[in-house]
Structures are given as structure tokens and as C-alpha cells.
Amino acid sequence: MAQNGPEEVDGRPLRARFVQCLGGCPNHGVVAIDAPFKTRIRLSGLDPGDALLTGAILRVALAHEQSQDGDPDELAIAQALRPHISAVTTKRRASPMPTTTAAPQCKQ
């Protein structure tokens with residue numbers, strides 16, 4: 001997808017971020033579909049000029065956004081895109097921070 005790619009897909013806003021490296025360096029054609037607390041899916045070996053793959057990536061990104069946890073086995077990933085899945089990273093759920101009590105004040 002070009003840096004100035006579409007701002008909407010199927011009438012839904014698209015939020016894309018561009019980063020220097022997604023673990024596929026130094027190769028171009030790497031995309032990560034990610035969200036907080038959801039499984040990250042990395043796709044590699046993509047041809048930016050392949051409109052069919054670009055459309056498939058956008059559909060997976062929207063499905064990922066709507067999913068509970070981003071599990072790729074539960075997303076309708078196009079067959080043409082499956083060979084490009086180069087990494088799947090599950091994340092731990094955030095646990096609440098333990099409550100702490102303030103330390104007693106020292107008096108000198």
C-alpha cells in the first residue's frame with residue numbers, strides 16, 4: 001500500500017501507520033496487522049503493485065479490528081495471502097496493576 005493509500009475501505013476509516021522495521025528488514029513488502037491486546041499478524045514478500053493482495057490485506061485488517069482477539073485462524077484470510085504470513089504473535093492480556101500502599105513517612 002502506498003503511503004498515501006486510501007483513507008477509507010468499504011466506507012470505514014482506515015488507520016495506517018508506517019514504521020521503519022517490522023522484523024522483515026531489510027526487505028520491502030512487509031505489513032503488520034496489529035492492535036492492543038490482539039494477535040499481531042506479519043505478512044512478508046508482498047508486491048506493493050498487486051491490487052488483489054492490497055485489497056485482501058485491507059479486508060483482513062478490518063476483520064482483525066472487529067475481532068475479539070485477532071486470531072488469524074478465525075479471520076477470513078484470502079488463500080492468495082496465506083503464503084505471505086511470516087509471523088503470528090499472540091500477546092498477554094493486561095492484568096490489573098497490583099495495588100500498593102504508600103510507604104510510611106520517615107521522621108528525622
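The following dialogue goes through a predicted model and the terms used to describe it.

Student: What are the ground rules for the numbers?
Tutor: Residues are numbered from 1 along each chain as its sequence is written, and side-chain values use heavy atoms, with hydrogens and water left out. Since the model is predicted, local features need pLDDT of at least 70 and side-chain atom pairs count only at pLDDT 80 or more, while totals for chains, interfaces and linings use all residues.

Student: Why is His84 called buried?
Tutor: Buried means under 20% relative accessible area, exposed means over 50%, and partly exposed is in between (1.4 Å probe, protein chains only). His84 has a relative accessible area of 18%, so His84 is buried.

Student: Where is His84, and what is it in contact with?
Tutor: His84 is found in the loop between helix 1 (51-66) and strand 5 (85-89). Helices (H or I, at least four residues) and strands (E, at least two) are DSSP runs, numbered from the N terminus. Contact means heavy atoms within 4.5 Å. Leaving aside neighbours within four places in sequence, His84 is in contact with Arg42, Leu43, Ser44, Gly45, Leu46 and Leu53.

Student: What makes Asp71 partly exposed?
Tutor: The relative accessible area of Asp71 is 24%, so Asp71 is partly exposed. Asp71 lies in the loop between helix 1 and strand 5. Asp71 and Thr39 are 32 residues apart in sequence and 5.8 Å apart in space, C-alpha to C-alpha.

Student: Why is the pair of Asp34 and Arg40 called a salt bridge?
Tutor: The term requires a side-chain nitrogen of Lys or Arg within 4 Å of a carboxyl oxygen of Asp or Glu. The closest N and O atoms of Asp34 and Arg40 are 2.8 Å apart, and the pair forms a salt bridge. Asp34 is partly exposed at 37% relative accessible area, and Arg40 is partly exposed at 31%.

Student: How many salt bridges does a search of the whole structure find?
Tutor: The search finds two. Asp34 also forms a salt bridge with Lys91, where the closest N and O atoms are 2.4 Å apart. This pair links distant parts of the chain: Asp34 is in the loop between strand 3 (31-33) and strand 4 (40-43), and Lys91 is in the segment after strand 5, 57 residues apart. Salt bridges that share partners join Asp34, Arg40 and Lys91 into one network.

Student: Which strands form the open sheet, and which are its edge strands?
Tutor: Two strands pair if DSSP finds at least two bridges between them. Three bridges join strand 3 to strand 4, which run antiparallel. The open sheet has three strands in the order 3-4-5, with antiparallel pairing. Strand 3 and strand 5 each pair on one side only, and they are the edge strands.

Student: Which residues make up the largest nonpolar core?
Tutor: A nonpolar core is a set of buried Ala, Val, Leu, Ile, Met, Phe, Trp, Tyr and Cys residues joined through side-chain atoms within 4.5 Å. The largest one has 11 residues: Ile33, Ile41, Leu43, Leu46, Leu53, Ala56, Ile57, Val60, Leu75, Ile77 and Leu81. Strand 4 and helix 1 each supply at least two residues of this core, and helix 1 gives the most, with four. Leaving aside neighbours within four places in sequence, Ala56 is in contact with Ala78 and Leu81.
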